[in-house]
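Let's walk through this structure together, one element at a time. Keep the 3D view open as you read.

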Amino acid sequence: MIKTKSGSLNGDDYRKGALERLDDALILLRAGQFSGSVSDAGRAVEGMLRAVIWKRDADIRTGRKSLDTGHNFRELIMHVRNLGLLAALNPEKDNLEDKVMDLGRLWFNNIRFASSKFVETRWLRLGEVNKRRSFKQAAEIFYLDCARVLQRCEILCQK
Amino acid sequence: MSKVKLQEILTRRLGLVRPIFRLERIGTKLAGSIVSETFKGKSDRRRMHMIWDALEAELGPEYFRQVGALLIYSPEEWNIELPAQVS
């Protein structure tokens, strides 16, 4: 394991944190705390994308380059694509890039401060919540989609 | 709970075909990946409910205190070739 400066995260820290956030998201989902679930599920995606980049990009890992993506899913997944990793995941069957872009439309960094009502209203405006899909159902779909992203990224971390 | 115990529960309850477990302890919980032909052709929702139902039936509704995030794969999903790392 490559050591980082004291207090900074390495790829395994990001990965394990992402798995913990995904677990937190499921617990909150089953408790009916949907905003918290969405917040943690999205954070899990961000953490796992960071883990992939850290593990697969030696320039990031060794500190020659810094990861200037902030919390932007689009920029994170583009970095992963630029490493040539998405093609290996059978993009015709499993378009990870589109999935992450969709999640990034619904998730935002400050969601951790938002009430469930705020998130529900925002998702209503975006069409994610509607007459046929309740906020509860939309939150479960969001969780499953985030879990799918972690599932695909885990392969990139482990191999 | 031990890794072996969790593997035994899931293999028995789900009738997993040729399972491969990559479990680790993260914090106080067991988490990781499970690969089996049993999951082939099943949706993400179906797979997750299979796992949750099996654990709840065996360990009760508080199972989540012992088991963390589990990522589920068919062998085709797991066995992919990746390009070499960027240096």
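An α-helix has 3.6 residues a turn, so residues three or four places apart point the same way. Helices (H or I, at least four residues) and strands (E, at least two) are DSSP runs, numbered from the N terminus.

A word on the source: this is a predicted model, in which local features need pLDDT of at least 70 and side-chain atom pairs count only at pLDDT 80 or more, while totals for chains, interfaces and linings use all residues. Residues are numbered from 1 along each chain as its sequence is written, and chains are lettered from A and ligands numbered from 1 in the order in which they are written.

Staying in chain A, look for A:Asn72 in the loop between helix H3 (58-61) and helix H4 (73-82). A:Asn72 counts as partly exposed because it has 14 C-beta neighbours inside 10 Å. Between A:Asn72 and A:Met101 there are 9.7 Å from C-alpha to C-alpha, and the two are 29 residues apart in sequence.

Now turn to where the chains meet. Chain A brings 23 residues to the contact and chain B brings 21 residues; two residues are in contact if their C-beta atoms, placed from the backbone, lie within 7 Å. On the side of chain A that touches chain B, helix H1 (11-30) and helix H7 (135-158) each supply at least two residues, and H7(A) gives the largest share, 8 residues.

How do H7(A) and helix H2 (residues 44-59) of chain B cross? Their axes come within 10 Å and cross at roughly 90°; axes are lines fitted to C-alpha atoms, for helices over the stretch in contact, and angles run from 0 to 180 degrees between N-to-C directions. H7(A) and H2(B) are therefore roughly perpendicular, a term for angles of 65 to 115 degrees. A:Leu144, A:Ala147 and A:Arg148 of H7(A) make this contact with B:Asp44, B:Arg45 and B:Met48 of H2(B).

Chain B itself has 3 helices and 3 strands, and from the N terminus on its elements run α-β-β-α-β-α. The 3 strands form an open sheet in the order S1-S2-S3, with mixed pairing; two strands pair if DSSP finds at least two bridges between them. Strand S1 (20-26) and strand S3 (67-73) of chain B each have a single partner strand, so each edge strand has one side without a neighbour in the sheet. Strand S2 (residues 29-35) of chain B and S3(B) run parallel, joined by 5 bridges; B:Ser33 has B:Leu71 in S3(B) as its bridge partner. Finally, H1(A) packs on this sheet and touches S1, S2 and S3 of chain B, its direction making about 100° with that of S3(B).

Key:
Angles under 35 degrees count as roughly parallel, over 145 as roughly antiparallel, 65 to 115 as roughly perpendicular and the rest as oblique. A residue is buried if 20 or more other C-beta atoms lie within 10 Å of its own, exposed if 12 or fewer, and partly exposed in between; C-beta atoms are placed from the backbone.
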